[in-house]
Amino acid sequence: MANRWQEQTDFPIICESCLGDNPYVRMTKANHSNECKICSRPFSVFRWRPGRGARFKKTEICQTCSTLKNACQVCILDLQYGLPVQVIETAPSINSSGSIPKSDVNREFFAEEHDRRARAGLDYESSYGKVCPNDTILKLQRTTPFYKRNLSPACSFNMRGKCNRGAACPYRHEMHVGGELSRQNIKDRFYGVNDPVAMKLLNKAGEMPSSEPPADQRTGTLYVGGLDGRMKEQESSYYPCMDPQRMGAVKPFQEGSSRGLNVNKSGSGK
């Protein structure tokens, strides 16, 4: 089965955090040197050092499995929002954990079928990249790269007071912080089950304040772009989305660079 499929690629599918902040990163490629941690098929492994003081990183899954989840080949986090797969699936109530088979034969057939459809230019039946993000994803998304996770692991000999390498030791001389986050699994991250990082983010999202509808249903807020401080209440009739006959008093407001209108009747503002 491995001879019928060979991954042909010149660059990995990775996120900006895993790539590192070094603009002159050097990367090595080993053709079909390892098997994918998900589909167990041979794939080309890329290896590089993200930056100074960072540990060497390498791709863990093939590009086929990466495109199925729109995830990085190294950290298995979403490429667009930087969140675990479990968060991307739970927030918009997407249940795709059973869509990708887990048995050896079915999993390999599923991956080869996806490659065949991709080469033919057919759209694969996947919800990733097609569902509009909700408020939970937008609040939890990572907008800047997180290079701290590229640091080398803590030196186990230093924690026991037996490391004699000193400054030449490639590992960090810091105390190791354990807990649930230290027990992560690539397959659980990919399938979106029992992911401790996702559970932490979902618990954080549950504690975030949410906007409640006003008690007076006649009061609402209508956002209109392109307004400035010169707009007056009587000039609201210039906008076609507003009906002065159905709306009462219109009071413009400004918060930072956003502007909107407070109306006392929500009939036409909804």
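This is a predicted model: local features need pLDDT of at least 70, side-chain atom pairs count only at pLDDT 80 or more; totals for chains, interfaces and linings use all residues.

Student: How many aromatic pairs does the structure hold?

Tutor: One. The rings of Phe190 and Tyr191 have centres 5.3 Å apart and planes at 90°, so they pair edge-to-face.

Student: Which charged residues lie over rings?

Tutor: Arg142 lies over the face of Phe146, 4.5 Å from the ring centre. Arg160 has its charged end over the ring of Phe157, at 4.9 Å from the centre.

Student: Switching to the sheet. What's the strand order?

Tutor: E1-E2-E3, an open sheet with antiparallel pairing. E1 (27-35) and E3 (57-58) are at the edges with a single partner strand each, so one side of each has no neighbour in the sheet.

Student: How many bridges join E1 to E2?

Tutor: Six, and E2 covers residues 42-48. Glu35 is opposite Pro42 in E2.

Student: Now Gln73. Where does it lie?

Tutor: In the loop between helix H2 (63-69) and helix H3 (85-90).

Student: Is Gln73 buried or exposed?

Tutor: Buried, because its relative accessibility is 1%, and the cut-off is under 20%.

Student: What does the Gln73 side chain reach?

Tutor: The backbone oxygen of Ile61, at 2.6 Å. Beyond four places in sequence, the contacts of Gln73 include Pro12, Phe43, Thr59, Cys62 and Ser66.

Conventions:
Residues are numbered from 1 along each chain as its sequence is written. Side-chain values use heavy atoms; hydrogens and water are left out. Helices (H or I, at least four residues) and strands (E, at least two) are DSSP runs, numbered from the N terminus. Buried means under 20% relative accessible area, exposed over 50%, partly exposed in between (1.4 Å probe, protein chains only). A polar contact is a pair of N or O atoms within 3.5 Å; within protein, one must be able to donate a hydrogen and the other to accept it, and residues adjacent in sequence count only if both atoms are side-chain atoms. Contact means heavy atoms within 4.5 Å. Two strands pair if DSSP finds at least two bridges between them. Rings of Phe, Tyr and Trp (its six-membered ring) pair if their centres lie within 6.5 Å; planes under 30 degrees apart count as stacked, over 60 as edge-to-face and the rest as tilted. A charge sits over a ring if NZ of Lys or CZ of Arg is within 6 Å of the ring centre and within 35 degrees of the ring normal.
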